[in-house]
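Q: Please take a close look at a surface patch in this structure, and then at some of the helices in the other chain.

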Number of protein chains: 2
Amino acid sequence: MDDAYKAEGARIGSDAAETAKGADVVFKVRVPEVAEVAALPDGVALITLMDPFAIEPGLLDALNAKKIAALSMEFTPRISRAQSMDALSSQSNLAGYRAVIEGAQIYGRAMPMMMTAAGTIAPAKVFIMGVGVAGLQAIATARRLGAVVTATDVRPAAKEQVASLGAKFIAVEDEEFKAAETAGGYAKQMSPEYQAKQAELTASHITKQDIVITTALIPGRAAPVLVTEAMVKTMKPGSVIVDMAVSQGGNCPLSKSDEIVDVGGVKLAGFSNLPARLPADASSLFAKNLLAFLPLVTAETGALNLDTDDEIVTAMLLTRNGETVNDRVKS
Amino acid sequence: MDDAYKAEGARIGSDAAETAKGADVVFKVRVPEVAEVAALPDGVALITLMDPFAIEPGLLDALNAKKIAALSMEFTPRISRAQSMDALSSQSNLAGYRAVIEGAQIYGRAMPMMMTAAGTIAPAKVFIMGVGVAGLQAIATARRLGAVVTATDVRPAAKEQVASLGAKFIAVEDEEFKAAETAGGYAKQMSPEYQAKQAELTASHITKQDIVITTALIPGRAAPVLVTEAMVKTMKPGSVIVDMAVSQGGNCPLSKSDEIVDVGGVKLAGFSNLPARLPADASSLFAKNLLAFLPLVTAETGALNLDTDDEIVTAMLLTRNGETVNDRVKS
C-alpha cells in the first residue's frame with residue numbers, strides 16, 4: 001500500500017510527527033486523539049471529521065495549546081459553493097447505496113419481480129425511513145433492483161424527491177409536517193403528538209414490508225426511534241431491517257452495532273460504518289472533499305492563508321489562535 | 001417450521017419410512033441415499049434431482065430392488081411443454097441473480113455511475129462468461145445495478161440475447177462458433193484451437209473488468225477452465241470473480257468451494273449452492289416445478305399412472321419395474 005502512495009509522489013513518514021513536520025495544512029479522516037495533536041506542528045490548519053457534538057474538552061485544550069486552526073468537516077454549510085467539500089453528503093450517498101446491497105444480500109428472496117415458467121416471484125417491498133442524501137440513494141438503488149419502494153420523512157420537500165425517484169411517499173401530512181423543513185436542510189425534531197401519529201401510520205405500513213432501511217439522524221442528538229420492538233414483531237419472518245443510525249443509538253432499539261440480530265426471523269442489521277464497506281469509493285470522494293478546501297485555507301503561493309471572512313471557514317472553524325471560536329462546541 | 005407445514009394441511013411423519021408409507025409419488029430435493037431408498041414403499045414414483053452423471057451403481061440397484069420409478073429432474077427435456085417442470089432453469093435463474101448480489105457485496109466500490117458534487121464514480125465493468133439461464137439473469141441484474149456489462153458464450157444464439165439485455169457480446173466469431181449451437185440448448189465442448197483463440201480474446205478483455213461472473217457448465221463433465229491463473233493475475237486489485245461452476249470443479253482453477261480466495265487483491269468467490277442463498281424463492285419455484293409433474297405420473301383419480309409414452313417421462317426415467325431404463329446412466 002505504501003508503494004502505491006509513493007508511486008503517486010507521496011513521501012511516507014516514519015511516524016505522525018515526522019510526517020507532519022513542516023506542514024501548513026493537515027488532512028485527516030477521523031477525529032484526532034490528544035496524543036496525535038501533540039505530534040502536529042504549531043499553528044497548522046487541521047481539516048478532518050471532528051465529531052464536534054461529542055468532542056472532549058481535553059481535545060479542544062490540546063488544539064488551543066498548539067494554536068491549531070481545526071476545521072470540522074461536519075460543519076460544512078449546506079450551500080451550493082460548499083457541496084464539493086461536503087463529506088457527510090459524499091459518504092451518506094455511498095452509505096445509502098451500500099445499505100440496499102447489504103439488505104439484498106441478507107434478504108432470502110430476490111428483489112425484482114421475476115416472471116418464470118415455474119411461476120412469478122413478487123417484487124420485494126422496500127421502505128426507506130428518512131429521505132436525506134442516504135435515503136434518496138437507497139430509494140434509487142432499491143428501485144434499480146426492481147423493488148416496490150415507499151419512503152417517509154418529516155420534511156415536506158422530501159415528498160417530491162421521493163416521487164421523482166419512482167417511490168411512494170408515506171407520511172402524516174398535517175400542519176406541523178408542512179411547517180417542518182428547517183433552513184439547514186436537516187430534519188428538526190417533531191412533537192410527541194406528530195411522532196405518535198406517524199408511528200401509527202408506520203406501524204400499519206411496516207408489517208407489510210420485506211426490507212426496511214432507516215436513515216434518520218439528528219445532529220448532536222441520539223437517533224430517533226422509528227421502528228419499535230412491537231413493530232418488528234409484526235413483520236414477516238425473513239424480512240430485513242438495515243438500521244443506518246446504529247452508531248447514534250439506532251432507529252430501532254433492538255439493532256446492535258455491527259451485528260445481524262434475529263428477532264423471530266426478522267433480521268436487523270446494524271452496520272456502524274457503511275461507507276467503509278465501499279472503501280475505494282469512500283476514500284476517493286473523501287479525498288476530493290478535502291482537496292476542495294485547499295483554496296479556502298491557502299494563498300495562491302500554497303502558503304497557509306486561512307480566509308476567516310469566508311462563511312464556509314467560519315462555519316467549520318472550531319479553534320484558532322489558541323481559542324475555541326465556535327459557539328456550537330463551546331460548553 | 002413444522003407448524004407452518006401443518007397449518008397448510010401437511011402431516012409430519014416421525015421418520016422417512018412413516019412419512020412415505022402409502023405414498024404413490026415421492027418428491028425430494030436431493031439425490032437419495034441408499035438407506036433412504038430402503039425407507040420408500042415398493043413401486044413408488046420418485047421425482048428428485050438425481051445427480052445422474054455422478055450416480056452410484058449401488059443406488060440404481062437399491063432403486064431397482066424396490067421397483068421404484070425414479071425420475072431425474074436434471075433430464076427434464078428443454079421443450080416448451082416441460083418449461084414449468086425445469087428445475088435446473090428455475091434454480092439457475094435465481095443463482096444468476098444471486099451471483100451479482102454477492103459480487104456487488106464483495107466488490108469494494110459502487111456498481112452504478114454516480115455523479116456527485118465531489119466527482120464522478122465510474123460504473124463497474126461486469127463480464128458474464130456463459131450466457132445460459134444463469135448468465136442471462138446475471139446480465140439483467142448487473143444492468144439493473146447500472147454496470148457496464150459484457151458477456152460471452154460459445155453459442156451464436158447468445159449474441160442476440162445478450163444484446164437484447166443491453167450488454168455487449170464478446171466472442172471469437174469464426175465458422176466453428178457459428179456451427180456450435182446444439183439441439184439441446186446446452187453448450188457443446190469447443191475445439192482446443194477455438195478455446196485458445198477465445199482465451200486470448202478473454203485475456204485481453206478480462207484485465208479491464210471489475211467483476212467477472214463465470215457460469216459455464218457442461219452436463220456430465222468437469223466445468224471448462226475459462227479464467228486461468230495468469231488471467232487472474234492481470235486483473236486489478238479489488239476486482240471480483242464469482243465462479244458459479246465451483247461445485248463442478250470451477251471455471252477458474254484458483255476458486256474454492258464456499259470460500260472467498262484473495263489472489264493479489266483479486267477476490268474469487270466460489271458459492272457451491274447459490275439458490276440456497278435465496279431459500280424462500282428457491283423452495284417456492286422448486287415446489288412448483290415438482291407439482292407440474294403430477295399430471296404426468298398420476299391418473300385423474302390421483303392414483304399412480306406413469307405415462308411412459310410421454311417424451312418427458314421417458315427422458316427423465318432412470319429406473320422402472322426393477323430395471324435401469326436410461327441409456328445416459330447405464331454404464
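A: In this predicted model, Met1(A), Tyr5(A) and Ile12(A) form a nonpolar patch on the surface. Together the three residues have about 370 Å² of accessible area. Met1(A) lies in the segment before α1 (2-7) of chain A. Its relative accessibility is 79%, so Met1(A) counts as exposed, the cut-off for exposed being over 50%.

Helix α5 of chain B covers residues 87-106, which makes 20 residues. From first C-alpha to last, α5(B) reaches 28 Å, close to the 28 Å expected at 1.5 Å a residue. Of the 20 residues of α5(B), 18 are buried, so this helix is largely enclosed by the rest of the structure. At the start of α5(B), a side-chain oxygen of Asp86(B) comes to within 3.2 Å of the backbone nitrogen of Leu88(B).

Helix α6 of chain B (residues 133-144) has 12 residues, which should span 16 Å at 1.5 Å a residue. The end C-alpha atoms of α6(B) are 17 Å apart, which agrees. The buried residues in α6(B) include Ala134(B), Gly135(B), Gln137(B) and Ala138(B), and Ile139(B), Thr141(B) and Ala142(B) are buried as well. The cover over these buried residues includes α5 of chain B, along with β6 (125-129), β7 (148-152) and α7 (158-164) of chain B. Chain A takes part too, as β4 (114-116) of chain A is included in this cover. After α6(B) comes Gly146(B), which has a positive phi, near 90°.

How values were computed
Residues numbered from 1 in each chain as written. Chains lettered and ligands numbered in written order. Predicted model: local features only at pLDDT ≥ 70, side-chain atom pairs only at ≥ 80, totals over all residues. Heavy atoms only, no water. Helix = DSSP H or I, 4+ residues; strand = E, 2+ residues; numbered from the N terminus. Expected span 1.5 Å × (residues − 1). Buried < 20%, exposed > 50% of the residue type's maximum accessible area, 1.4 Å probe, protein only. Polar contact = N/O pair within 3.5 Å; in protein donor to acceptor, adjacent residues only side chain to side chain. Patch = residues over 30% accessible without salt bridge, like charges linked within 9 Å, V, L, I, M, F, W, Y side chains within 5 Å. Areas by Shrake-Rupley, 256 points an atom, 1.4 Å probe, with all protein chains shown as cover. Salt bridge = Lys/Arg side-chain N within 4 Å of Asp/Glu carboxyl O. Contact = heavy atoms within 4.5 Å.
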